[in-house]
Amino acid sequence: MTADYAARLHTVLGRIRAAEQRFQRPPGAVRLLAVGKTQPAAAIAALAAAGQRDFGENYFQEALDKMTELATLELEWHFIGPIQANKTRGIAEHFAWVHSVDRLKIAERLSAQRPDHLPPLNVCLQVNIDREPTKHGLDEAELAEVAHAVATLPRLRLRGLMAIPAPAAAFAAQRRPFARLRKLRERLADTGLVLDTLSAGMSDDLEAAIAEGATLVRIGTALFGSRP
Ligand SMILES: *Cc1c(COP(=O)(O)O)cnc(C)c1O
């Protein structure tokens, strides 16, 4: 089993490096987040044994169970799923990053509940980049105001933007929403808010995301196989 994970990790890292080269990104500009939702702790342990350190989870209780089981490994945990207000304390206590902040109220709770002995919680604001009515994420119109408010919260460190575009098959179509995300970051920089992270790209579109400036790709299926 471990050999499979090592091989898939090697393949995904190869795709990332190739895309960095092809799109003139500096080597190492893109960080790999392994998304382990619905995968057993043993699968995460196997990927960790192959050298992976950053892991993303969507469901708080499932994540907590795996963290407890894997506590002896030095892993960095990222929360990437929808956030219910009654889960913010647990998330603030157990994660290093949260990618899916989509309301000011949730950010305020995370900041208030981040324990003092931990460094500030790294956060990204999730943007509803394709304006899908059923999707989570901030509208572009409200982004700047929320971003400036979140940037002032004492126990958070606003790192960037995250998006999950609607699936598209063609490369050019995949690039479009990521290009809009990059523009949004540029516009925030024009207002004095410089962010170092674009959390964008999954198994099927990581090259398009890297072409448009992704600094972190969130990969599940290509690392773990299809979800049980
Ligand atoms: C599941 C998930 C991923 C990984 O998707 P794959 O297509 O399996 O790589 C990335 N980001 C988020 C927010 C997810 O929920």
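Biologist: Which residues of the largest nonpolar core touch the most other members?

Modeller: A nonpolar core is a set of buried Ala, Val, Leu, Ile, Met, Phe, Trp, Tyr and Cys residues joined through side-chain atoms within 4.5 Å. Buried means under 20% relative accessible area, exposed over 50%, and partly exposed in between (1.4 Å probe, protein chains only). In this predicted model, Leu125 and Leu161 touch the most other members of the 66-residue core. Helix α2 (residues 41–49) gives the most to this core, with 6 residues. Helices (H or I, at least four residues) and strands (E, at least two) are DSSP runs, numbered from the N terminus.

Biologist: Which conventions apply to the numbering and to the model?

Modeller: Residues are numbered from 1 along each chain as its sequence is written, and side-chain values use heavy atoms, with hydrogens and water left out. As the model is predicted, local features need pLDDT of at least 70 and side-chain atom pairs count only at pLDDT 80 or more, while totals for chains, interfaces and linings use all residues.

Biologist: What does Leu161 touch?

Modeller: Contact means heavy atoms within 4.5 Å. Not counting residues up to four places away in sequence, the residues that Leu161 touches include Leu125, Val127, Leu143, Leu181 and Arg185.

Biologist: Which strands pair with β4?

Modeller: Two strands pair if DSSP finds at least two bridges between them. Strand β3 (residues 76–79) is joined to β4 by 2 bridges, and the two run parallel; Phe79 has Val98 as its bridge partner in β4. With strand β5 (residues 121–127), β4 pairs in the parallel sense over 3 bridges, and Trp97 has Asn122 as its bridge partner in β5.

Biologist: Is strand β4 largely enclosed or exposed?

Modeller: In β4 (residues 97–101), 5 of the 5 residues are buried, so the strand is largely enclosed by the rest of the structure.

Biologist: How is the handedness of the β-α-β units read?

Modeller: A crossover is right-handed if, with the strands pointing away from the viewer, the path from the first strand over the helix to the second runs clockwise. Here, β3, helix α4 (residues 88–94) and β4 form a right-handed unit. A right-handed unit is also made by β4, helix α5 (residues 104–113) and β5.

Biologist: Where is Lys37 placed, and is Lys37 buried or exposed?

Modeller: Lys37 is in the loop between β1 (31–35) and α2, and at 18% relative accessibility Lys37 counts as buried. Leaving aside neighbours within four places in sequence, its contacts include Glu57, Tyr59 and Arg227.
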